[in-house]
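Open the model in your viewer and keep the selection panel at hand. Let's take a short tour, stop by stop.

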Amino acid sequence: MQRRSFIIKSLVTTTALLISGLVGASSSSAAGAAALAPYDAKKAGGTLTLVAQAAAGSLDPKINYTAEFWQLYQASYDGLLSFSYGTGATTFNVVPDLAEALPDVSNGGKTFTFKLRKGIKFSDGKPVTVADVKASFERIFKVSSPTAGSFYNGIVGADVCLKTPATCKLDKGVVVDAATNTVVINIIAPDDAILSKLAVPHAVINPASAPSKDAGTTIIPSTGAYMFKSYDPNKSLVMVRNPYFKEWNHDSQPQGYPDQIVYKFGITPTAQVTAVENNQANWAYDPIPADRLNEIGTKYASQVHINPLTAMWYLPMNVNLAPFDNVKARQAVNYAIDRAAMVKIFGGTQLAAPVCSFLPPNFPGHVDYCGYTKGATPAKPAKAWAGADLELAKKLVKESGTAGQAVGIVVSDDDVNKQMGVYLQSVLNSIGYKATVKPISGNIQFTYIQNSKNKVQISVTQWYQDYPAASDFLDVLLGCASFTPNSDSSINMAGYCNKKLDAKMAKAKALGATDPVAANKLWGEIDQEVMADAPVAVAFTPKQLDFISSGTKNYLFSLQYKMFVSQLIVK
């Protein structure tokens, strides 16, 4: 009880410091959409140093599903398509990458024909061929990529590959012709987000010789401006220039500025801030500790960049384990959490805003509603969250028959996530449970909470969009195909499968290809139906705070992948 009281008091202080401290900080907004400026070779050179408390797990681009490494993949791996470099809404544009142009679309939106660029080589010197393209799509299923069952299950033949991954063949789904250098992708039904799905890292092209299992720390040759030289998750990751890279499309894969990019791990958030202040590092990955916010917001305000994110912090609840196999228990958590308190832990109202809906504000399909606030119900929601309702939460726990049960809360071991866990522990205890916090290394937490054999009841995690469509939240995180028992690549952490809603999501995806307005209305309905069932509790939507050193220039922010690492100038 004493610890809980201390945390709540410190939150108020934290918010006051943040508001006063960051008032002068730069807001690099998405308003000014523009293409990337021409490359200036005179500014190239030097070593870019990034620091983080933990690495992001496997380096395999078909497996890794973290913002930390996806930020690096944009400068190293390429797909047939990619998201554009530039500023503002430009960074949501899908552009041709290894393909010469956007595909020709035929067969009622189910056939996509690409022509592969010639002359591109992997970082080991071998040419990129259409055979590599076909093998790469089959590899998505062979390695059980986290999005195999959600992004790519619409490819013809994917149903068989999902059942028997090791022998995956997409002979009718990905048809290649070496003579014409063409790639034809066939899908079973129109999908309004298919081009975006082909532009994210899980669809990058690897050599056909890449292993048919998670490569882990083994480096897979890349095609982009940078290649990975070494990776030790306990120490560091090093990227250097790809000697075979020649810029083919400035929008999709521009030449980078640093000669070398070094990512150092095992650095505490406080030490990260100090390193950036002293120009010993160029950028800090982890959230800034509360007691350093006022300092950087006053002394280093010109080095702080704040940007809106299409993202959420949320609490997946395992619907297949007690107590959260009971819908009333899950609803109780939604009513009980004080989202404003969680916003304060994150850094205050300048860095986050409380939400209840699954789809974030200003996102396709979003509806302003909250069924879990005082005076509201999922059937009769309010427009926005106004406050927690502990009494109703206690009543629901009692009605569920789960009072007194033990609940483990799995969080990453950084300061912010641990505080979130301790706060959630106090809430769960107050409504009738016996909760404990289980912090584990951020290097493994994201995969650990996905694997059902670890029996995680509830966790604190984050979701940042892969592409700007409602399916990237609802279908990916809560679709039946995204749940794979006993797998580290099971992004549906709640283990939630609602066949009726799955069918509705399939209808919305197909409808989006011809009537986006109607599709988004349907997604909004699905959002509310999902949250009535409460497989998760959504806490808040965050903003990105980037703190860079005084010697770091050319900061550019991507709405898709956050800061453009390769475009930072450090010479």
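Select residues 182-186, strand β9, in this predicted model. Five of the five residues are buried, so strand β9 is largely enclosed by the rest of the structure. Turn the view to check both faces. Thr-182, Val-184 and Asn-186 are buried on one side. Val-183 and Ile-185 are buried on the other. In a regular strand, side chains alternate between the two faces of the sheet.

Select residues 111-115 for β7, which runs antiparallel to β9 and is joined to it by five bridges. Find Phe-114: opposite it stands Val-183 of β9.

Next, select residues 174-177 for β8. Four bridges pair β8 with β9, again antiparallel. Here Asp-177 faces Thr-182 of β9. Follow the chain from β8 to β9: the two form a hairpin with four residues between them. In that turn, pick Asn-181, whose phi is positive, about 60°.

Most residues other than glycine have a negative phi, and most peptide bonds are trans. The remaining stops are about such backbone details.

Go to Pro-323, in the loop between β15 (311-316) and α8 (327-336). The peptide bond from Ala-322 to Pro-323 is cis, with omega near 0°.

Move on to Asn-362, in the loop between β16 (352-354) and α10 (390-400). Its phi is positive, near 60°. Is Asn-362 buried or exposed? Its relative accessibility is 80%, so Asn-362 counts as exposed.

Finish at Lys-455, in the loop between α12 (442-448) and β19 (458-459). Phi of Lys-455 is positive too, near 50°. Lys-455 counts as exposed, at 56% relative accessibility.

Note on methods:
Residues are numbered from 1 along each chain as its sequence is written. This is a predicted model: local features need pLDDT of at least 70, side-chain atom pairs count only at pLDDT 80 or more; totals for chains, interfaces and linings use all residues. Side-chain values use heavy atoms; hydrogens and water are left out. Buried means under 20% relative accessible area, exposed over 50%, partly exposed in between (1.4 Å probe, protein chains only). Two strands pair if DSSP finds at least two bridges between them.
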